[in-house]
Amino acid sequence: GDVARSYFYMMTRYLPVLGGWNGPMMSGGQLAPWALQMLQQWHHDDPVGPKETARNNCIFGLQGNRNPFIDQPEWVETIWGDGVGVEPLADGPDRPWYHDGRLHWAIDPAAGTVHVRVTDPAGRTVQEVRGHGGEATVAGLPPGMYIAVLENGTARRVLRFVH
């Protein structure tokens, strides 16, 4: 599980440069289907334990960054799985999407405000915004990969996007 979460961290943290990574497990920056399935199985078979959490805390103390898949192990399923356990936003059957600096989602505007928290691959919150009417602007982010958690008080949705 520890190795799998390390791979998932590398896949998200270094997404912009993964295109040049090739080998038996990867091609063009993407994990081979068998490798993804194996890493997911390892992740599920060996949950995060106290030793791994302590190592993540130590690394944070030294480097100021964390492996978000240790802090939020459910993100493995959210990003690479079929979304089991992740509730859609109320009345929003479609997954959220990102385009040109804006996050979009299918939700009835009458459902109210959606809180959006954007984190970097190290798990640091880089932006928090409120969205209305099915979209929110994400401004001022440097190029890279991000994870957005959208919540409307009763449900949430998670989206990985490249800005």
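Predicted model: local features only at pLDDT ≥ 70, side-chain atom pairs only at ≥ 80, totals over all residues.
Colleague: Why does His43 count as buried?

Modeller: The relative accessibility of His43 is 6%, and buried means under 20%, so His43 counts as buried. Leaving aside neighbours within four places in sequence, His43 is in contact with Gly1, Ala4, Arg5, Phe8, Pro73 and Val76.

Colleague: What is the reach of H2 from its first C-alpha to its last, and what is expected at 1.5 Å a residue?

Modeller: H2 has 13 residues and reaches 18 Å from its first C-alpha to its last, close to the 18 Å expected at 1.5 Å a residue.

Colleague: Which residues of H2 are buried, and how do you know where they lie around the axis?

Modeller: Ala35, Leu36, Leu39, Gln40 and His43 are the buried residues in H2. They cover an arc of only 130° around the axis, and therefore they are on the same side of H2. An α-helix has 3.6 residues a turn, which means that residues three or four places apart point the same way. On the other side of H2, Pro33, Gln37 and Asp45 are exposed, while the buried residues of H2 pack against H1, strand S2 (30–31) and helix H5 (74–80).

Colleague: How do you know that the length of H1 agrees with what a helix should span?

Modeller: H1 has twelve residues, which at 1.5 Å a residue should span 16 Å, and its end C-alpha atoms are 16 Å apart, so the two values agree. In H1, the residues Ala4, Arg5, Phe8, Tyr9, Met11 and Thr12 are buried. Seen down the axis of H1, these buried residues fall within an arc of 160°, so they line one face of the helix.

Colleague: Why is Met10 called partly exposed?

Modeller: Met10, found in helix H1 (residues 2–13), has a relative accessible area of 33%. Buried means under 20% and exposed means over 50%, with partly exposed in between, so Met10 is partly exposed. Together with Tyr14 and Trp21, Met10 makes a nonpolar surface patch of about 250 Å².

Colleague: What makes Ile147 count as buried?

Modeller: Ile147, in strand S8 (residues 145–151), has 1% relative accessibility and therefore counts as buried, the cut-off being under 20%. Leaving aside neighbours within four places in sequence, Ile147 is in contact with Trp75, Ile79, Arg117, Val118, Thr119, Val158, Leu159 and Arg160. Ile147 and Trp75 are 72 residues apart in sequence, and C-alpha to C-alpha they are 9.2 Å apart in space.

Technical notes: Residues numbered from 1 in each chain as written. Heavy atoms only, no water. Patch = residues over 30% accessible without salt bridge, like charges linked within 9 Å, V, L, I, M, F, W, Y side chains within 5 Å. Areas by Shrake-Rupley, 256 points an atom, 1.4 Å probe, with all protein chains shown as cover. Salt bridge = Lys/Arg side-chain N within 4 Å of Asp/Glu carboxyl O. Helix = DSSP H or I, 4+ residues; strand = E, 2+ residues; numbered from the N terminus. Buried < 20%, exposed > 50% of the residue type's maximum accessible area, 1.4 Å probe, protein only. Expected span 1.5 Å × (residues − 1). Arc of directions from axis to C-beta. Contact = heavy atoms within 4.5 Å.
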